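Biologist: Can you walk me through this model? I am new to reading structures.

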Number of protein chains: 2
Amino acid sequence: MLKYSRQRESIKSYLDTHRTHPTAETVYLDIKQEFPNISLGTVYRNLNLLAEMGEILRISPGNGPDRYDGNAAPHYHFICTRCGRVLDIDLDHQSQLDELAGEHFDGKIVSHITHFFGLCPECKLNN
Amino acid sequence: MLKYSRQRESIKSYLDTHRTHPTAETVYLDIKQEFPNISLGTVYRNLNLLAEMGEILRISPGNGPDRYDGNAAPHYHFICTRCGRVLDIDLDHQSQLDELAGEHFDGKIVSHITHFFGLCPECKLNN
DNA sequence: ATCCGTGCAAAGAATTTGCATACAT
DNA sequence: ATGTATGCAAATTCTTTGCACGGAT
């Protein structure tokens, strides 16, 4: 049975109010203000728990540490190839892609993720 | 200047003939038959080189080690959530998604990747 | 002759885990 | 009281890197 913990609560609430797609390390350092004794292991354990429960999203940028997103609804992300920033993309989730992909595929397709790459607004300016 | 190396040649040719999206470790172990002294570091170095040159693709499944693909043309992959297998998806690259994603985005979108998830044909049967 | 690539081993980055204790039920 | 969650540190996994030597140009 899953028991309540203030740490997990705080991590969830941190992700709900910070839509910066932080790393576990960032969550850890920021939450440390409130829980000076919290450990990085606890942060990882709870991020994993929350992701498994479907309450948050894990984003693997393919480079560097994973990012976490308090918005668990399927949506797309942009990853800046210059600064690494992760941003939400305002584009409807293309669920029809799952059917399209399944047309010539013998397995069962359940979902997909899409990462867009390029320059974030800031890096585009300072180019 | 880039110099020829038998090791790099062998790695490239391995990926061209094995469309299994192997990990660096798998490439290493298999190529060891031909080059008993090759080191894992050399395999990583050359995989990175080839990927930077655009001759191969690196696939980050988001779980476990990266996979490599001798087919460098943009295409989509399926990742089995049960066995981890990585398979090609027979679906045209949806380059229009880059424009769609860019419509409400102030940065510059250059490319995207999409990973499909679900059960591979084999795992679907042994379910 | 020059200098890039290799093998080896050690280092590094990110994440997980074992264990004793603290806390929620 | 029972058992899950935590903090801490060590361990694990994957990848990169420094260095001396070998090989390509």
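Biologist: Which helices supply at least two residues each of the surface near DNA strand C?

Modeller: They are α3 (40-52) of chain A, plus α1 (6-17) and α3 (40-52) of chain B. Helices here are DSSP runs of H or I with at least four residues, and strands are E runs of at least two, numbered from the N terminus. "Near" is a heavy atom within 4 Å. This is a predicted model: local features need pLDDT of at least 70, side-chain atom pairs need 80 or more, and totals for chains, interfaces and linings use all residues. Residues are numbered from 1 along each chain, chains are lettered from A and ligands numbered from 1 in the order written, and side-chain values use heavy atoms, without hydrogens and water.

Biologist: How many residues surround DNA strand C?

Modeller: The count is 20, and Y44(A), K3(B), S5(B), T42(B) and R45(B) are the closest.

Biologist: What does Y44(A) sit beside on DNA strand C?

Modeller: A phosphate oxygen, 2.5 Å from a polar side-chain atom of Y44(A). That is a polar contact, a pair of N or O atoms within 3.5 Å. T42(B) also has a side-chain N or O atom 2.8 Å from a phosphate oxygen.

Biologist: And what about R45(B)?

Modeller: A polar atom of the R45(B) side chain is 2.9 Å from a base nitrogen of DNA strand C.

Technical notes:
A polar contact is a pair of N or O atoms within 3.5 Å; within protein, one must be able to donate a hydrogen and the other to accept it, and residues adjacent in sequence count only if both atoms are side-chain atoms.
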